[in-house]
Amino acid sequence: MLIAGFPAGAWGTNCYLVAPAAGEECVIIDPGHQAADGVADAVAKHRLKPVAVVLTHGHIDHVASVVPVCGAHDVPAWIHPADRYMMSDPEAALGRSIGAQLMGELTVGEPSDLRQLTDGAQLSLAGLELTVSHAPGHTKGSVAFRMPAADDVPSVFFSGDLLFAGSIGRTDLPGGDHAEMLESLARVCLPLDDSTVVLSGHGPQTTIGRERATNPYLRDVAAGLGSAEAPRRGM
């Protein structure tokens, strides 16, 4: 399997290109702020053919390059319906204090082919199988994508802004809910194998086992406790 990832834009949002191998079709996950050039570079370097864009949620730091990337490759994008409005109205999604700062520099909108993600859906794209888990808390339409283990490759979990190395996503923006975040961590993350590789929306990769042992939020959830306040990670 090939996973080419890079941090993009002012918020260092991780964008991933996933393919069975170099020279094959690929899926692009979260082409956010200023990600289009990085996507083009990765496509050229690995001789990839994009077939779809999939989005963990609708915040502008994760979706700002969806329209140019989809247009360049004539591919659809997938998002949970609860976050669809964010693609055209990032100010409403972020609150005026943050959103107003962005409106002068960003062109927003939807790609011509925008499709709906649902909890438990199995997406068969580019020879890959991605299982969708609805995971509200950071936003109402946040999702995560899981790919099963194959041969000597462990399962991979694209967590978006649900789970980070040592932290979790912020819940103080419109649509955020700390109680929902904790429920999503319990329902979506805790059942995963310790060997599962976590590729998140911001920061370095980790594993479920490492987070189960060291992440204070996941530890509290596993113990049936609730952390009082979510840290400010991601947008």
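**Bridges, sheet and surface**

Student: At what relative accessibility does Lys140 count as partly exposed?
Tutor: Partly exposed sits between two cut-offs: buried is under 20% relative accessible area, exposed is over 50% (1.4 Å probe, protein chains only). Lys140 falls in between, at 37%.

Student: What kind of model is this?
Tutor: Residues are numbered from 1 along each chain as its sequence is written, and side-chain values use heavy atoms, leaving out hydrogens and water. Local features need pLDDT of at least 70, side-chain atom pairs count only at pLDDT 80 or more, and totals for chains, interfaces and linings use all residues; the model is predicted.

Student: Which residue meets Lys140 in a salt bridge?
Tutor: A salt bridge puts a side-chain nitrogen of Lys or Arg within 4 Å of a carboxyl oxygen of Asp or Glu. For Lys140 the N to O distance is 3.1 Å, and the partner is Glu180.

Student: How many residues apart are Lys140 and Glu180?
Tutor: Helices (H or I, at least four residues) and strands (E, at least two) are DSSP runs, numbered from the N terminus. The side chains of Lys140 and Glu180 meet. Lys140 lies in the loop between strands S8 (128-134) and S9 (143-147), Glu180 in helix H6 (residues 178-189); this pair links distant parts of the chain, and the separation is 40 residues.

Student: Why does the salt bridge between Arg212 and Asp194 tie together separate parts, and how many residues apart are they?
Tutor: The closest N and O atoms of Arg212 and Asp194 are 2.7 Å apart. Arg212 is in helix H7 (residues 208-214) and Asp194 is in the loop between H6 and strand S13 (197-200), so the tie joins parts whose sequence separation is 18 residues.

Student: Which strands stand at the edges of the six-stranded open sheet?
Tutor: Two strands pair if DSSP finds at least two bridges between them. The order is S1-S2-S3-S4-S5-S6, with mixed pairing. Two strands have a single partner each, so one side of each lacks a neighbour in the sheet: S1 and S6 (114-116).

Student: In which direction do S2 and S3 run, parallel or antiparallel?
Tutor: Strands of a sheet pair through backbone hydrogen bonds, in one direction or the other. Tyr16 stands opposite Ile29 in S3. Three bridges join S2 (residues 13-19) to S3 (residues 25-29), and the two run antiparallel.

Student: What angle does helix H3 make with S4?
Tutor: Axes are lines fitted to C-alpha atoms, for helices over the stretch in contact (heavy atoms within 4.5 Å). Angles run from 0 to 180 degrees between N-to-C directions. Tyr16 faces Ile29 in S3. H3 (residues 66-73) packs on the sheet, touching S3, S4 (49-54) and S5 (77-79), and its angle with S4 is about 150°.

Student: Which residues make the nonpolar surface patch of about 210 Å²?
Tutor: Patch residues have over 30% relative accessible area and no salt bridge; like charges are joined within 9 Å, nonpolar side chains (Val, Leu, Ile, Met, Phe, Trp, Tyr) within 5 Å. One member comes before strand S1 (2-8) and has a relative accessible area of 43%. The patch is made by Ile3, Val153 and Met1.

Conventions
Accessible areas come from the Shrake-Rupley method with a 1.4 Å probe; for residues, only the protein chains shown count as cover.
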